[in-house]
Amino acid sequence: MRIRRFAAAAATVAAGALVLSGCAAPQSEIVEGSSLSVAWNQPFYSYNGNTSFGNATANNNITYATLGGFNYYNDVPELVKDTSFGTYELVSEDPLVVKYTIADGVKWSDGTAVDAADLLLQWAALSRALDTPDFDASEFTDPDTGEFTDDFPTDVVYFDSGADPSVGLGLVSTTPEVSDDKKSITMTYDEPFVDWELQLTSPLPAHVVAKNALGIEDNQEAKDAIYDAIENDDAEALAAISSFWNSGFNFTEMPDNTDLVLASGPYMITDFVADQYVTLTANPEYTGDNLPKVEEITVRFITDPLAAVQALQNGEVQLISPQATADVAEALAALDVTVIGGYEGTYEHIDLQFDQSKSGHFNNPLIREAFMKVIPRQEIVDKLIKPLQEDAEVRNSQVFLPGAEGYDESVAENGSEAYAEVDIEGAKALLAEAGVTNPEVCMLFSSTNPRRANEFLLIQQSAAQAGFNVTDCSSPDWGGLLGTPGAYDASLFGWQSTSLGVTNGPPPTYTTGGINNLNFYSNPEMDELTAALGKEFDPDAQIEIMKQIDKILWDDFYGVTIFQFPAVTAYDQNAITNISPSTLAPTIFWNIWDWEPVSADAE
Amino acid sequence: MATFVVRRLIASIFIFIAATYLMYILVALSGDPLEDLRTSSAPNKQQLIEARTALLNLDVPPPLRYFIWLGGIFGLTGKGFGYLGVTVQNQPVNVLLGQAMGSTLQLVTLATVVAIILGIVVGITTALRQYSGYDYGVTFLSFLFFSLPIFWVAVLLKQYLAIGFNDFLRDPAIPWWLIVILALISGVIWMSIIPRKGIQRLYTFLIAAVATAALLVYMELTDWFSNPHIGIVGIVLSAAGVAFGVTAISTGLRQRRALRASIIVAAIGIAMYYPFMLFISYYLTFWTWVGLGVLAVAVSFAIGWFTGGADKAPVARTAAITGFLVAALISLDRFMSVWNAYANSSRIKGRPIATIGSSTPGLEGSLWVMGVDFFTHLLLPTIALILISFASYTRYSRASLLEVMNQDYIRTARAKGLTERTVVVRHAFRNALIPIATIVAFDIGGIVGGAVITERVFGWTGMGALFQNGLDHVDPNPVMAFFLVVGGLAILFNLIADLVYAGLDPRIRVS
C-alpha cells in the first residue's frame, strides 16, 4: 500500500516536471477540437497569389494564414515585422542592399526547412530578371484561348507575376547572393526604391516547384536544383520552373498532391471542396510567434450578403464580412451579434480635368475652386453612406488613409476644411470673377453603379444652385474612358489602396505624365516632391513630404475626396472573440491566429 | 418523321448559333473587364492590364472575338473539340462547367421530381373536387406561391424553417394553443377534401382534429422532435395503410389477389424491420442500399407475379409499388434514428437545418448520417423551388383532367357501369397526362438553368454562379458555357416535347 502511494507521488512529480518542461518551449494554446467557420464572398482558386490573375483577396486571405512572411499589416494600419519567420535589414541605402534571413527552425508542413531556396525562387518570379529577354508571350499565346500554344519554346523563361522592371523587385536585376548557411539572401537594387520592405512577399515552397517541374524525388536535391538553375541562369530548368510556378498552384478543389498546399504559416489547408469551403487546420510544424488558438477554421464561400447574415444567425458561420448594404445593416441590427463598422481600402473621389477636358472650363482654377465648393460631400455621406455605417465620415485627405499615421495632422493643415460645407455664394462669386455663366461640367462615372448615380444627382442639384450645369457623361465602359482627352470634365470613381507603400500612391497619380495621372495635372513643385518621396527612406520624412503633397493638391483645386468605402464585420460574440478588422487586406483575417473560441457554457 | 426531326434540328442549330453570337456580344459589351485594374493603384498596373488583355484577347473587338471562341468549340485551336476557353481567373471553363453541372443537378433534380409528383396529385384531386373549399384553397395558395419572388421566399424559409425551427429544437415544447390551432386547421382541410354532406362533414372534421391533436400530444410527450422515429407500431400501421391505399388506387380493393399480395409484401417488410434496423443497415454503402431497394421491389414484383393468377401484371405492379413504399418507410425510420446523434454532434451544435451550402464541412459518418446531412441542406432550396413550380403543375393538371372528364367517352364509361376508380384512373387520368408530359419535358430542359437565384441565395455554387460571376467580371467564356448547356437543352427538349406529344396522342402526326 505504501509503495503504491509512493509510486503515485513519484508519478505526480514526474508529470509535473513534464508539464513544466513543456511550458519552456513556445506552445500552442490551442483549444483541442475547436472549430470556427467564417464566410467570404468569393471562392478560393489559386494558392499562388503572385500571378497576374491569382492576385485576389479570396486567395490572399487563405495564403496569408498558410504562408509565412516577413511582415504584415495590422488593424491600425501599420506594418508589423514577424521576426519569428525571418528578419530583414537595410545594409545600405545607396546602392540599396537588403539582406533577408529566415529564422532558425522555420519549416514547411512536410518538415523541410524554409530557406534561401524559397526566397531565391520568389525573387526570380517577382523580379522576372531571369525571364528570357524581349520574349513576347503573346506571340505564343493562343489568341483563341489565352493559353500558351504547343510551340511555346521549352527554353523560354516566363514568370507571370506582372513585374515591372522600373519598380519593386523588378529593380533587382542581379541574382541575390546566398549565404553559406543557406538561410539568407542579399539583394542589391539597381536604384533606390523606398518601398523595399513590401517587395519580397511570402514565398512558395521552392522544393515542391522543383520536384514537380523537374521530376525530382528528393527534397534536398530539389532545393539544390533551384539554386543551380537560378545561380547559373539555366534557361531550360527555369523554363520548366516558371511554367509550374505560373500554373501549378491553380486548383478548384483539394489537389491529390498535397505538396501543393504546403504551409509555412500557422495554418494549413486540409480540405477544399469546390465552390463550398476551404478548411484550415493548425499547422503542427509551425513554431513561430503567431500560434493559432483555434484548431480548425473553415472559410465558407457565400456570395449573397443576406445569406451570409442568415448563416451567421443560424450558427453555420461565426464571422462574416459581407458587402456593406443598407439591407445588411438593417438585418444585422436586429440580431444578437457584434457588429463592427470599418473601412475598406477603396475611397471615392472626384478629379477635375486640368486640361483636355470636354468644355475646357476647368483649366481656370477659379472655376475648379467654385465647383469644389458646391460638391455636397457631407450630404453624400449622410444620405448614402450613413445608412450603411452610422459613424461614417468624410475623407479629407488625398494621400493619407483615415486612421493611418499622418492623416489627422495632414487634414488639420491641408486646407480641406474650406470644402467641408457647401458654399453656394462663394461659388457664385468665384464664377462671377472668372466671368463665366452656367459653365457645363460633364461628369464621368460608372453608369452601372447605382450609388454613383445617386451621388451624381446630389452633386447636380447642389451645383445647379450656383449656376453649374452638371451633365451626365456616365458609361458602362467608364474605366476605359478615364484619361481620354475631350471626353469629360470631372470623374467620379474610387482608388483602391492595397498597402501603405508610398510609391503606390502619389508618384504615379500626381506626377506629370504618371500612369495614374488621368486628369492632366502638372505642377513642377509636385513633380519635385513626388521624386523626393521616391528617394526618401525615413518613414517620418516620408510623412512630411506626403503632407506637403496633400496641401498642394487642395491648394491647386485638384478635386475632392468624399468617403472611404464602408466595410461591415459581424460575429457571434458567444462563439468567437478577438476580432479586429483591418482596413487593408487581408481585412478580418489579419489576426486569424488570435481568434479564440468562446466555450459554449460561458453563456 | 425522320425528315421532321432532321429539318427541326438543322433549323435549331442555325438559330442556336445566332443566339450564341448575340449573347456573346451582349455580355462582352455589358461593361469593362479591366475596370478593377484601372482603379487599382498597384505599381505594376500596366503589366497586369496587359496580362489580362492577352489572357482574354481583349484587344480583339467582341464581334470578332466571338469567332475565336467559336473556333475553340469546334476544336480549331488545338485544344480539342468543345474547348470553352478560360475565365478571367485563368481557370479552364470546361472544368468549372463540369463542377457546376454536378452541383446544380444535385439541387434541382429532387425538387423537380417532387414538384411534378406533388403538382399532378394535387391538380388531379382538385379537379375531382372542383369548386370545393379544398379546390379554392389550393387555387389561392398556388397563385400566391407563383407570385412570390424566390429570393424573398428563400429568406422567409431560412428565417422560419431553419433559424426558427432550430431555435425551437433547443426546447421542443409545443404550446397547447398551437396544438388546438393546428388541430382545427387539419380538421378544416380534411373536411374540405373528403366529400361528405351535412352532419357527416362534422364527423370528418372532428375525427381529423382529434387525430391531429392526439398525434401532436404524443410527439410532445415522447420528445419526438429531438428524437424522431416511426417505430414498429408506426411501421405496422403505415405499412397496412400503404397496402390498402396502393391497392385501392392501382387495382381497386375488389381485386382480392392484389390486396393479398400487397398485404404479404407489407408483412415481409414488417418482418424485415428489426433485422434491418439492428443489423443490416450498419453494413450498407450508398450503392448497396440502392441495390437493396431494387431487390425489395423485385421480390415484391415476383410475389405479385406468382400469386396474381389470371391478372399477373396488375397484381405484380401493385405489390411492387407497395414493396417500394414500405422499404422507403423503413429507410426513413433508419434515417430518423440517427437524427439525435447528428443534431448534437460537435459539427452541428444542435442547429441541424442549414441555410447555405450542400454539406456540413468536415462532417464524416455513416450512410445514414450523411443522408440526414444531405436532407438538412437540401430541404430549404427544394421547398423554395417546389413552391414556385407547384402552381403551374397543379393548374395544368387540373385543367387537363377537367377537360377530359367532360369528354363523351367518360360519359360512356360511366354509362356502362364502370366504377368511379376505373373511370378516373384508367380513362381520364391517362389522357389528362398527355399535355402535362410536354410541360414536364420543357421543365426538365429548363431545370439546369432555372435556379440562378435559388443557388445564389442558398450558397450552392452551380450553373447560376457560373453565369453570374461571368457577368460580374464581364467575362463571356463562363456565361457562354452556361448558355450553351441551357440553350442546347431547351432546344433539345422542345423537340422531344413535340415528339412525345405525337407519340402519346394518336390524333397528332408530325411530318
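**Entry 1: the four-stranded sheet, chain A**

I looked up an open sheet of four strands in chain A, with strand order 4-5-7-6 and antiparallel pairing. Strands here are DSSP E runs of at least two residues, helices are H or I runs of at least four, and both are numbered from the N terminus. Two strands pair if DSSP finds at least two bridges between them. Strand 4 (86–92) and strand 6 (177–178) of chain A are the edges, each pairing on one side only. This is a predicted model: local features need pLDDT of at least 70, side-chain atom pairs count only at pLDDT 80 or more, and totals for chains, interfaces and linings use all residues. Residues are numbered from 1 along each chain as its sequence is written, and chains are lettered from A and ligands numbered from 1 in the order in which they are written.

Next I checked the pairing of strand 5 (residues 97–102) with strand 7 (residues 184–188) of chain A: five bridges, antiparallel. V98(A) has M187(A) of strand 7 opposite.

I then asked which strands helix 3 (residues 116–127) of chain A lies across. I found strand 5, strand 6 and strand 7 of chain A, with the helix at about 25° to strand 7. Axes are lines fitted to C-alpha atoms, for helices over the stretch in contact, and angles run from 0 to 180 degrees between N-to-C directions. Contact means C-beta atoms, placed from the backbone, within 7 Å.

**Entry 2: strand 12, chain A**

I followed strand 12 (residues 338–352) of chain A to strand 16 (residues 559–571) and found eleven bridges, antiparallel. E348(A) has F563(A) as its bridge partner there. Strand 12 also joins strand 15 (residues 490–496) of chain A, antiparallel, through seven bridges. T346(A) faces Q496(A) of strand 15.

**Entry 3: chain A overall**

I noted 17 helices and 18 strands in chain A. The C-alpha trace spans about 105 × 65 × 50 Å along its principal axes. Of the 603 residues, 52% are buried (20 or more other C-beta atoms within 10 Å of the residue's own, C-beta atoms being placed from the backbone). Of the contacts between residues at least 6 apart in sequence, 71% join residues at least 24 apart.

**Entry 4: the A–B contact**

I looked up the contact: 61 residues from chain A and 60 residues from chain B. On the chain B side, helix 3 of chain B gives the largest share, nine residues.

Technical notes. A residue is buried if 20 or more other C-beta atoms lie within 10 Å of its own, exposed if 12 or fewer, and partly exposed in between; C-beta atoms are placed from the backbone. Two residues are in contact if their C-beta atoms, placed from the backbone, lie within 7 Å.
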